[in-house]
Amino acid sequence: MDEGSPAIPEAVGRAITPLLICCDEIANIERTLAALLWAQRVVVIDSGSRDGTLEAIARICPQAEVLHRPFDSFARQCNFGLAQIRSAWVLSLDADYVLSRCFLAALAGFDPESPQAGWRVPLRYCIAGRPIRGSMLPPRICLYRPARARYHDDGHGHRVSVEGPLGTFPAPILHDDRKPLDRWLASQQRYLRQELDKLRSTPLPNLGRFDRWRARRWLMPLLVLPYCLVLRGGILDGWRGWYYAFQRLYAELLLSLMLMEPSMEPSRDESRAGGQ
């Protein structure tokens with residue numbers, strides 16, 4: 001941990017086990033693990049890293065237990081990870097999540113005997129290592145009792161269902177992904193195909209707000225820039241705010257095109273007319 005970071009009581013370190021899912025995260029894993037050295041045990045589920053991630057884990061976090069499992073879905077990876085947790089609480093993190101100083105300060109006062117079953121944690125998106133205002137990230141249930149939890153796939157991502165009362169954690173986690181842009185671009189077609197399947201298979205009333213906008217095909221690309229830059233204040237973040245907003249616009253445009261694609265196929269009557 002950095003000098004000046006809040007000290008986490010030993011009882012909290014015993015009660016909470018961080019759980020990470022990773023594959024080729026050398027651009028991020030060192031910063032993520034550096035904020036987890038208070039934990040007596042860290043569980044990492046790796047699906048085939050070859051870029052130095054495993055060596056970095058062994059060097060930085062000797063209390064990390066690395067388990068290997070071929071990737072099939074995020075939910076299955078996380079549920080496998082939950083089965084390895086022996087503590088009362090789990091802190092479920094992506095490999096590009098970094099615990100902020102204010103999160104660690106709040107964690108230092110955490111009561112392991114809390115009646116809550118889990119805690120929703122605000123997420124702050126970072127560009128070039130700096131949190132921005134204008135992101136679309138919703139809070140995520142990251143800290144919870146593993147015995148009451150189960151993950152399910154949700155589009156290209158995953159969500160956890162927790163049985164029992166939920167609270168809102170008073171401090172954020174930073175989403176600080178520093179992998180190069182070309183890797184982000186390479187992932188989009190696969191991710192958006194999964195989002196497309198979700199939109200087509202889920203009744204409109206069961207979708208969240210953003211997904212209902214996406215399901216209208218043309219609406220989300222029109223809304224993403226004013227939402228991120230004006231409503232969320234991203235324009236105050238300078239070039240970082242524009243960078244994030246353009247990333248989201250790119251992804252939403254691609255998804256809209258994929259939603260419109262079936263409409264471009266000729267109908268049966270048009271096919272007959274064309275053949276005459």
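This is a predicted model: local features need pLDDT of at least 70, side-chain atom pairs count only at pLDDT 80 or more; totals for chains, interfaces and linings use all residues.
Residues are numbered from 1 along each chain as its sequence is written, and side-chain values use heavy atoms, with hydrogens and water left out.

A word on terms: helices (H or I, at least four residues) and strands (E, at least two) are DSSP runs, numbered from the N terminus. The angles I quote run from 0 to 180 degrees between N-to-C directions, with axes taken as lines fitted to C-alpha atoms, for helices over the stretch in contact. Contact, in turn, means heavy atoms within 4.5 Å.

With β12, strand β6 (residues 118-121) pairs in the parallel sense over three bridges; here G118 has L166 as its bridge partner, and W119 has G167. With β9, strand β6 pairs in the antiparallel sense over four bridges, and the bridge partner of V121 in β9 is R140.

There is also an open sheet of four strands, again with mixed pairing, in the order β5-β13-β7-β8. Its edges are β5 (97-99) and β8, each of which has a single partner strand, so one side of each is left without a neighbour in the sheet. Strand β7 runs parallel to β13, residues 173-175, and three bridges join them, with R124 standing opposite L174 in β13. Helix α9 packs on this sheet, where it touches β7 and β8, and its direction makes about 105° with that of β7.

L249 lies in helix α9 and is buried, with a relative accessible area of 18%; buried means under 20% relative accessible area, exposed over 50%, and partly exposed in between, with a 1.4 Å probe and protein chains only. Not counting residues up to four places away in sequence, L249 touches P221, V224 and L225. Of these, P221 and V224 are among the buried residues of helix α8 (residues 219-231), a list that also includes L219, M220, Y227, C228 and L229. Those buried residues of α8 pack against α7 (209-215) and α9 (239-260), and just after α8, G233 takes a positive phi of about 80°.

Which other residues have a positive phi, although they are not glycines? Most residues other than glycine have a negative phi. One case is D24, at about 55°, which is found in the loop between β1 (16-22) and α2 (29-34) and is partly exposed, with a relative accessible area of 22%. Another is A128, also at about 55°, in the loop between β7 (123-127) and β8 (130-131), and A128 counts as exposed at 54% relative accessibility.

Finally, the cysteines. The structure holds zero disulfides, a disulfide being a pair of cysteine sulfur atoms within 2.5 Å. For C22, the nearest cysteine sulfur is that of C23, 7.2 Å away, which is too far for a bond. Are these two residues buried or exposed, or something in between? C22 is buried, with a relative accessible area of 4%, whereas C23 is partly exposed, with a relative accessible area of 26%.

Terms used
Two strands pair if DSSP finds at least two bridges between them.
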